[in-house]
Amino acid sequence: MVQKYQSPVCVYKYPFELVMAAYEKRFPTCPQIPVFLGSEVLRESRSADGAVHLVERSCRLRVEAPRLLRKIAGVEHVVFVQRNVLNWKERTLLIEAHNETFASRVVVKENCSYTVHPENEDWTCFEQSASLDIRSFFGFESALEKIAMKQYTANVKRGKEVIEHYLNELISQGTSHIPRWTPAPVPEEDTHSQAGLRDPGSLEVCGPGSAQGPAPEMVSTDGDKLDADYIERCLGHLTPMQESCLIQLRHWLQETHKGKIPKDEHILRFLRARDFHLDRAREMLCQSLSWRKQHQVDLLLQTWRPPALLEEFYAGGWHYQDIDGRPLYILRLGHMDTKGLMKAVGEEVLLQHVLCVNEEGQKRCEGNTKQFGRPISSWTCLVDLEGLSLRHLWRPGIKALLRMIEVVEDNYPETLGRLLIVRAPRIFPVLWTLISPFINENTRQKFLIYSGSNYQGPGGLVDYLDKEVIPDFLGGECLCNVPEGGLVPKSLYLTEEDQEHKDQLQQWRETYQSASVLRGAPHEVAVEILERESVITWDFDILQGDVMFSLYHTRQAPKPGPREPGARAGGQLTDKGWALGADYSRVEAPLICREGESIQGSHVTQWPGVYLLQWQMHSAPGHMACSLPGVEDVLMALHSPGPRCKLLYYYEVLASEDFRGSMSSLESCTSRFSQLSATTSSSGQSHSSSLVSR
């Protein structure tokens, strides 16, 4: 595979002639570059008027490689041939170099140029490009490639420092100005004779029609080129290879992409997301550009107007910046009725709003970069989880959240600089287990999670936010105008016709199973648990009637019957002779669920075995069942007319390994999660609860 390198434009704020004098001081040896052992001139010639000076040198470079590799190669240094074409009239220096050592196995080509800055004739621009093609090298191709690119990028960085060193040396010696070249008068009778003395192999290559040397676009500096100072000032510090990847991807977009290309900050985010692997970053960026065009995302900030309901109940908004100058977004997720918002405005509207937040975040990063005079490419999000409860485990809401995470990670990579999660309750590990597998590992490393009041004091928010901007609801003195959220009134929900039109009801029905409950004929689901400390979660809506929900455990497998795996409706899964407390036990307190309510809950299992989720018709207190009904009761209920309850339900098992892995992920974050971790992961602890969320 051919490795390529392209430098940004380096600007020396000195005239071309002075830079050339500094460049010549690098030869024949250069103590500032230890690997450069020396050089000798192979050929030299000048044009008749002295405007063009050609020099070919043989340069020796020490091989910086492991001793074994040097021994196998049989060399201690390599030879490069460098060809310099200096045009005093045009004020350009074009440099070509290639290796002679191992030329049949390894091909190295380099092109450099010194030119006058297009906007200031007293400044000089420098650019270089190179390619490395290792065809064969005794089976050490991969090792040699890494060594060569590492050494090359180190020398690239050192090259600028060397020129600046010799410029300072010249100035300190009193040479701060060198006159520009002017043609010497040539007698007319000598013109033809001098023309015959020209080296046919040297001067023609300098003419404007020459096919050799760097292409014209490689030696000109225009608005399409990236300046090294601009990169440092606006994009931040990059290694030479990272700069090269940015320039190559940007150049590729200029050649292939129709319309306006993304800003450099945007391109750089995709390179960082793919660890500067050029091909993978290009693929990711192209897919995102297609997505943006398809959904007209570039126009979102001009066209999107959130519904009034969303402005009132969506508990999120921008709030100053963090201690590093990143824009700060506050989300009071625990106060937000995600289910109510989805039922009132729909999933697509919520997604549009999230995209608008990300677009605004990028815009604010650009503004803060200008305001603070340093590169700011990401923003900080502060998530307050006070009020987070089992109702936030509503499965359509979780699915919508996962979809939003996927869209944001695919199209806004590396925009999140830090995520501060405060007041995380006991239920948070369950939510984290559900969503963390869908979050990029690089993103997870930016999470800081605090339970209880650990966010206060040293090591808390004051490490990341100035005291003056910590919101009042977190104990700070700054008034925060982010909406407080709250429950969305059912009267504001979309009608079933509107939800059908948005395909929401169909999607939700695909998630849930339906069931009917008759008097004496409960609906039951058997869940087999192989490992203790697994997590059973449930989510159901009562469509008609009132039911009582219970959770039981038994070490005996219920009698098999003609049923779907894991579930059997309208039938008894246990023997009538089983005794409560002996053959099976209740592990979740009975919960009375009224018509129209939505219930979410979870249970951390203490033992392996079979767990039974049971819904039975709610009776008056005096008739409340204290044990599971018998088979005769069920058969009688099925053949007898009477009231019927209806429900939609969903359950899921989070395997112990996944749940423990999620906890380890939480604990390995730079976090203050110890209190919460202790309450959910201590040996033998069983955590269970259900919540009615309407």
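Is R423 buried or exposed? I looked up its relative accessibility, found 16%, and R423 therefore counts as buried. I noted the cut-offs: buried is under 20% relative accessible area, exposed is over 50%, and partly exposed is in between, with a 1.4 Å probe and protein chains only.

**Ground rules.** I am working with a predicted model, in which local features need pLDDT of at least 70, side-chain atom pairs count only at pLDDT 80 or more, and totals for chains, interfaces and linings use all residues. Residues are numbered from 1 along each chain as its sequence is written, and side-chain values use heavy atoms, with hydrogens and water left out.

**Overall.** I found 21 helices and 23 strands in the protein. These are DSSP runs numbered from the N terminus, helices being H or I with at least four residues and strands E with at least two. The protein has 694 residues, and 49% of them count as buried. I also looked at contacts (heavy atoms within 4.5 Å). Among those between residues at least 6 apart in sequence, 78% join residues at least 24 apart.

**Backbone.** Most residues other than glycine have a negative phi, and most peptide bonds are trans. I listed the exceptions below.

- R423 is not a glycine, yet its phi is positive, about 55 degrees; R423 lies in strand β12, residues 416-424.
- Q296, also not a glycine, has a positive phi of about 50 degrees. I found Q296 in the loop between α9 (278-295) and α10 (300-303), and it is exposed, with a relative accessible area of 53%.
- F27 and P28 are joined by a cis peptide bond with omega of about 5 degrees. P28 lies in the loop between α1 (16-24) and β3 (36-46).

**Rings.** I searched the whole structure and got 18 aromatic pairs. Rings of Phe, Tyr and Trp (its six-membered ring) pair if their centres lie within 6.5 Å; planes under 30 degrees apart count as stacked, over 60 as edge-to-face and the rest as tilted. I checked F16 and W88: their ring centres are 6.2 Å apart and their planes are at 80 degrees, so the pair is edge-to-face. F16 lies in helix α1 and W88 in the loop between β5 (77-87) and β6 (92-99), so the pair ties together parts 72 residues apart in sequence. F16 is buried, at 0% relative accessible area. F27 turned up again, in one aromatic cluster with Y23, F36, Y114 and F126.

**Charges over rings.** I used this rule: NZ of Lys or CZ of Arg is within 6 Å of the ring centre and within 35 degrees of the ring normal. The charged end of R332 sits over the ring of F473, 3.7 Å from its centre. The charged end of R282 sits over the ring of W252, at 5.2 Å from the centre.
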